[in-house]
Structure formats: structure tokens, C-alpha cells
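Please look over the model shown below, with attention to its charged side chains and to how its elements follow one another. A short report on these topics comes after it.

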Amino acid sequence: MAVKIKLKRLGKIRSPHYRIVVADSRTRRDGRAIEEIGLYHPVQNPSRIEVDSERAQYWLGVGAQPTEPVLAILKVTGDWQKFKGLPAPEPMKVAEPKADKRALFEAAAKDAADEPKGDAVTPKAKKADKAEKSDKTEKADKAEKKADAEPAEGPAEAAGA
């Protein structure tokens, strides 16, 4: 019985997901499998590749033949080089873990509360500043009252002459 390591397709139209399976070479593509040894999701960026290295080494050791797409995947993960005794490839790209949305929101709320919103916000006046301003306004009010109380002699003299 010839055993192959091949891809079993899952997922919807235009959204493929594959499982890396060990199956008899005479079975259908999505037919019965002897064992599932990994996952391959090509649509994600970067592609998600998970292979059970120990089981892949076992099946390669007992003579299972990988198909071309699986061979490419095994070369990326380094399992093929390990089986052949070659130097390991450079590490795969791994997706960055997503940040917690609650932590991001709390940090943004804290930043917004700490910083004043633009130049339009004026700082609160201190009591000493208020006292000085009130003194200045009182003096200005007194000066206006004096100017109003004194008669304007300049225009009257010009009219009489």
C-alpha cells in the first residue's frame, strides 16, 4: 500500500483551509485519512502553517511520500531538511499577537483625560490672579467715571470762537 502525505481541502469557495493528512494514495483528495498531522491556511497573512514535526518525521521515515505542495510546506517548516539531514532554513514569519482592545481603549481614555484639548482651553485662574485683575478693573472703572464727570471744554471753546 502506497502512503502519501497530502492536503485535504476544507472551507468555503474562495476561502480554502487545508489539513495535512497521511492517506492511502488511492483515496480521494478529501477522502478518508489515516492521520492528520498539520494545518495550512494560505489566506491568512502571513500564512498559518502548523505541522506536528514528530509525526511528520515518523511518516517520512516509514516511507510516506509527500505531494509537491506538502513538500514545499515541509521545506518551509524545516521538517524536510531535518529528515534529509540538511541545515535548517531561516525561521518562518509569525503573525504578531493582537493587542487587547480593552487595554487599548483604557490607554487612549487615560491619554485624553491627561492632556488639555488644544490651545482653546485656558488654565483656571488662581485666587491671587483674580485679586490682581479685580484691582485693575476697579482702577479702570474709577478713571472712566472721572472722565465722564469732567466737562469736555475743548469742543465747547471751538464752537464759541
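Predicted model: local features only at pLDDT ≥ 70, side-chain atom pairs only at ≥ 80, totals over all residues.

## A salt bridge between Arg-26 and Asp-24

Arg-26 and Asp-24 are joined in a salt bridge, in which the closest N and O atoms lie 3.0 Å apart.

The structure holds five salt bridges, among them one in which the side chains of Arg-29 and Asp-30 meet at 3.0 Å, N to O. Asp-30, with a relative accessibility of 33%, is classed as partly exposed. Side chains of opposite charge can pair when their charged atoms come close.

Another of these bridges links Glu-50 with Arg-48, with 2.9 Å from N to O. Glu-50 is partly exposed at a relative accessible area of 37%, and Arg-48 is likewise partly exposed, at 31%.

Glu-50 belongs to strand β4, and, when neighbours within four places in sequence are left aside, Glu-50 is in contact with Ile-20, Ile-37, Gly-38 and Leu-39. The C-alpha atoms of Glu-50 and Arg-19 are separated by 9.3 Å, although the two residues are 31 residues apart along the chain.

Asp-52 is placed in the loop between β4 (48–51) and α1 (53–61), and its relative accessibility of 39% makes it partly exposed. Asp-52 and Ile-37, 15 residues apart in sequence, have their C-alpha atoms 5.4 Å apart in space.

Which residues form a negative surface patch? The patch is made up of Glu-132, Asp-135, Glu-138, Asp-141, Glu-144 and Asp-148. Of these residues, Asp-148 lies in helix α5, which covers residues 127–149, and Asp-148 counts as exposed because its relative accessibility of 67% is over 50%.

## The protein as a whole

The protein contains six helices and five strands, and its elements, read from the N terminus on, follow the order β-β-β-β-α-β-α-α-α-α-α. Among contacts in the protein with a separation of 6 or more, 33% are accounted for by residues 24 or more positions apart.

Of the 161 residues, 19% count as buried. The accessible surface of the protein comes to about 13,100 Å², and carbon and sulfur atoms make up 54% of that surface.

Methods:
Residues numbered from 1 in each chain as written. Heavy atoms only, no water. Patch = residues over 30% accessible without salt bridge, like charges linked within 9 Å, V, L, I, M, F, W, Y side chains within 5 Å. Areas by Shrake-Rupley, 256 points an atom, 1.4 Å probe, with all protein chains shown as cover. Salt bridge = Lys/Arg side-chain N within 4 Å of Asp/Glu carboxyl O. Lys, Arg positive; Asp, Glu negative; His and termini not counted. Charge placed at Lys NZ, Arg CZ, Asp CG, Glu CD. Helix = DSSP H or I, 4+ residues; strand = E, 2+ residues; numbered from the N terminus. Buried < 20%, exposed > 50% of the residue type's maximum accessible area, 1.4 Å probe, protein only. Contact = heavy atoms within 4.5 Å.
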